[in-house]
Amino acid sequence: MLRTERRFARLFVGQSLSILGDRVSFVALPFAVLSIGGSAADVGLVTAAGLLPLLVFTLAGGVWADRLPRQWIMLASDLLRCAVQAAAAVLLLTGTARVGLLALLMAVFGVADAFFLPASTGLLPLLVPADRLREANALRGFVQSTGLVVGPALAGLLIALVGPGGALAADAASFAVSAAVLARLGAVDGANAASGADGGAERAERLGFLAELRVGWRQVRSRTWVWSGMLAMAIYHVVVLPSVFVLGPVLAKREWGGAGAWTVVVIAFGLGSIVGDVCSYRLKPARPMAVAAVAMAVASCQAAIIGSGAPVWAIAVLEAVTGVGVSLCFVLWETSLQVHIPERVLSRVSSYDHLISVALMPLGLVLAGPLSDSLGVRPTLFGMTVLAVPAALALLALPAVRHLPAGPLPEPEPELEPGAGAGSGVGAGAEVGRGPAAEAVV
């Protein structure tokens, strides 16, 4: 595919370097805060500063990505993130960094992220034909999964050699490369547009901001498979992921011997994710959302596996299996959105997807600790699985999920923007007679 889809190949190379840089930054940033005398609370503050703008600006990012050429929004976001990481690197390398300054820079970084994510989801169907979107998403997921394994090791090497400032400088360079690739893409005319029969058509007349948000929301609620999928994703992020980010490290420290054992589990998960991306590339399920629901149920077993009391090697093997499920689920979910949502509103629908994932996950992270204190770590972990697995399998009870095909549907699209041309009423995702993401999170 990288040989035949030239523009996607260029984008793939640039984004691969950027994703690897992000994985390095994810490890380097806490050490950067600690290196200037910051506390654990300061690490949390700087991290939260990068998250809050995603909650505030993601929907706006979706609206603007449907208004303007998406590659230019991504280009501007990459340039801004490059400047932010370069500034943070200079502050650290010159010894002038302060916690407040780093938090401010991460807030700006978060704003750029909020505009980049919906634009990125919406750009891919303009570069890749519909029948190759699954492969494109699998390749992108492969890079993200590989980054989970390679990124921390590279970060550790860079921090040892040049310190956290040097590691952030490497991330800045990765954004510069990504921006250069985006600048070379030129105009994207939508000739390959996969989402809807009108994918390459001129966008509808611009409405007010809130009106355009409502159009995007109508696209979500008019499709059972979309809103139910987003609900299941929200449950996964709120209920399952705290087991990985909060309770897993706690249990590792108490019973497994510390961070080394937890690192083995995380790397095993990353390796499983790579296998899942390879499977996503090779397999061609006729009913992708049905497969995604089963894969999400497998992924939702992570909490019970972590709390099982099994030897670390056994937990690592089982976590690798859940990694396969996570990759399959997210690749098939994102591909389904790109195939069945009309291109003109795809970024807005994607922004709701990102908002639900980002907005609700902190709730689970905050509640996991107090719940485990009152109920115990293992009962909390088992309870997470008891809630999450049935929620994922419940998707299979919906005909709209079970029967959603891999290819686009020809039926008329309900409720597109007022002012759209006569040909823009034809879309790929309408449900007829049928009675859903970083940065791949774990």
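Predicted model: local features only at pLDDT ≥ 70, side-chain atom pairs only at ≥ 80, totals over all residues.
The secondary structure of the chain consists of 14 helices and zero strands. Read along the sequence, the pattern is accordingly α-α-α-α-α-α-α-α-α-α-α-α-α-α. Of the 442 residues in the protein chain, 55% are buried. The chain exposes about 17200 Å², and carbon and sulfur atoms supply 71% of that area.

Aromatic pairs were considered next. A pair of aromatic rings is described by the distance of the centres and the angle of the planes. The count for this model comes to four aromatic pairs. In one of them, the ring centres of Phe109 and Phe175 are 5.8 Å apart and the planes meet at 70°; planes over 60 degrees apart count as edge-to-face, so this pair is assigned to that class. Phe109 belongs to helix α4 (residues 99–127) and Phe175 to helix α5 (residues 133–185), so the contact ties together parts that are 66 residues apart in sequence. Both Phe109 and Phe175 are buried.

Trp225 and Trp333 also form an aromatic pair, with 6.1 Å from centre to centre and 75° between the planes, and this pair is edge-to-face. Trp225 is located in helix α7 (residues 224–256) and Trp333 in helix α11; the pair therefore ties together parts that are 108 residues apart in sequence. Trp225 has a relative accessible area of 0% and is buried. For Trp333 the relative accessible area is 2%; because buried means under 20%, Trp333 is buried as well.

Helix α11 spans residues 312–340 and also contains Trp313. The relative accessibility of Trp313 is 63%; the cut-off for exposed is over 50%, so Trp313 counts as exposed. The C-alpha atoms of Trp313 and Ala268 are 9.4 Å apart in space, while the two residues are 45 residues apart in sequence.

Charged groups placed over aromatic rings were examined separately. The charged end of Arg67 sits over the ring of Trp64, at 4.6 Å from the ring centre. In another such arrangement, the charged end of Arg81 sits over the ring of Phe116, and the distance to the ring centre is 4.2 Å.

Terms used: Residues numbered from 1 in each chain as written. Heavy atoms only, no water. Helix = DSSP H or I, 4+ residues; strand = E, 2+ residues; numbered from the N terminus. Buried < 20%, exposed > 50% of the residue type's maximum accessible area, 1.4 Å probe, protein only. Areas by Shrake-Rupley, 256 points an atom, 1.4 Å probe, with all protein chains shown as cover. Phe/Tyr/Trp six-rings, centres within 6.5 Å; stacked < 30°, edge-to-face > 60°. Lys NZ or Arg CZ within 6 Å of the ring centre and 35° of its normal.
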